[in-house]
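Thanks for coming. I'll take one structure and go through a few of its parts in turn. Please have a look at the display first.

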Amino acid sequence: MKIKNLPLDQNINGWAALRGDTTRHPALHGKVTADWLVIGAGFAGLAFARRIAELRPHEHVVVLEALDVADNASARNSGFVIDLPHTVGSTSAELEHANTYRRLLQYGLHHLKDTVDRHEIECDWLNSGKYHCAVSEQFDGEIAHYQKELTTLSENFEYLDNAALKQRLGTSFYRSAVYTPNCILVNPAALISGLVTTLPENVTVYANSPALQIETQGTIRAETPHGEVRARKLMLAINGAARGLPLFKGNVFAMSTFATLTEPLTPEQRRVIGDISAWGSTPVNALAGATLRYTSDHRFLIREHVNFAPGLVTTAVETGRHARRHQQLFARIYPQLQDVNMAYTWSGLISITRNGAPVWGNLSENVYSSAGCNGSGSSKQSAFGRLLAEHALGEDNPLLADMEAVGRANYLPPRPFLDVGVKSFMARERWRSRSEM
């Protein structure tokens, strides 16, 4: 199998830039052998590699990452480690499905926290909760429905109106929100870097070593620009880049998302919005609304807009357009902070499946995959990767039944029909949620 596309973001990941100099992992040079080869050092790939290494301490695991570990898609996300599904539904089947996802998300979050605590990973881990926000009365029904869903799940939450939100968030932009207390906020580049540097000794990570061609018949063999890995078994954690590979049967595609970090607010600017703590918010419509964060170092993050990205490439021109969009949006949300400068704007890839289910499990006898994060990848893919390792080793875990229950990604049409369908759906959602922008 030839890898047809590799991710290319012509911009600087703000999260990584904030960290300054970091540990650099070497590229692969020459030929190496391993028991397990993992392609992709995101949340799924690292969780898989860690669990294999823990359960098989005498086996060698090699991880190939196409980029610097603090610059891959997982390191470019908004830094939410969520504990609850965004939607639940009203039927008994939908409720059980939501319970399944809740168990998996909380399992992934628990093991991330355990790793962070045990190894003292400095990633700005903060239990700030999350505000699920609506801007206009058009979405009053969805806010009410979300409260009903959380009640059904026996989850703690708090409803907040415009006045309460202004006090907590420093803006009167939002009409209402539902606050849930157990979402975690992090610097995702710092978290990914920490997860890599604390892997067991029988794991070797090679950065800037994209797999260009992979052979899966017999011995696994992967070629990189300057080296080669041979292994007994393979795990593919390449998310949106997976679509072009025959084993994935075209059931996943990539979207690019865009985010901006501001410069830190000055003491004078902070007095304008009041004495507020770090927080994170998500929109009622993730495709058309804006995700916001206020960080512990007094920056704002604005994540808004998604683009269909079949080629996995985001140009500097495209990033520049979104930087201007984010600045204009920030001026609407915080008109009293017109003098706040934007520091970094960057893009990142997420993978999407048609029915929201993952590409998870065996692709062939010795090939495994966890792809199709559909957003919410930090906790979800950490759970999926860890459980995939236990599945591959024949270990017993009651949550493996939950992985079966979430189902598998279904069929997507070929291009250009896929392009038309995705773009039409996105245009419809943006029009439906235009009042949220």
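Let me start in a loop. Asp124 sits in the loop that runs between α3 (92-119) and β5 (126-127). Keep in mind that this is a predicted model. Asp124 is not a glycine, and yet it has a positive phi of about 60°. For context, most residues other than glycine have a negative phi. Is Asp124 buried or exposed? Its relative accessibility is 55%, and the cut-off for exposed is over 50%, so Asp124 counts as exposed.

Now compare Leu312. Leu312, also not a glycine, has a positive phi of about 65°. Its place is in the loop between β17 and β18 (313-314). Leu312 has a relative accessible area of 2%, so it is buried.

Let me walk through some of the pairs. Strand β15 (residues 279-283) and strand β16 (residues 290-294) are antiparallel, with three bridges between them. Within this pairing, Gly280 is opposite Arg293 in β16. β16 is in turn joined to β17 by five bridges, and these two run antiparallel. Here Tyr294 is opposite Phe300 in β17. The hairpin of β16 and β17 has five residues between the strands, and in it His298 takes a positive phi near 70°. On we go to β14 and β17, which pair in the antiparallel sense over six bridges. Ser256 has Asn307 in β17 as its bridge partner.

How many of the residues of β17 are buried? Nine of the nine are, so β17 is largely enclosed by the rest of the structure.

In the loop between α10 (399-405) and α11 we find Pro416. The peptide bond from Arg415 to Pro416 is cis, with omega near 5°. Again for context, most peptide bonds are trans.

Another loop residue is Asn251, between β13 (227-236) and β14. Asn251 has 12% relative accessibility; buried means under 20%, so Asn251 counts as buried. What does Asn251 touch, leaving out residues up to four places away in sequence? Its contacts are Arg243, Ile352, Thr353, Val359, Ala409, Asn410 and Leu412. Leu412 is 161 residues from Asn251 along the chain, but their C-alpha atoms are separated by 5.2 Å.

Notes: Residues are numbered from 1 along each chain as its sequence is written. This is a predicted model: local features need pLDDT of at least 70, side-chain atom pairs count only at pLDDT 80 or more; totals for chains, interfaces and linings use all residues. Side-chain values use heavy atoms; hydrogens and water are left out. Two strands pair if DSSP finds at least two bridges between them. Helices (H or I, at least four residues) and strands (E, at least two) are DSSP runs, numbered from the N terminus. Buried means under 20% relative accessible area, exposed over 50%, partly exposed in between (1.4 Å probe, protein chains only). Contact means heavy atoms within 4.5 Å.
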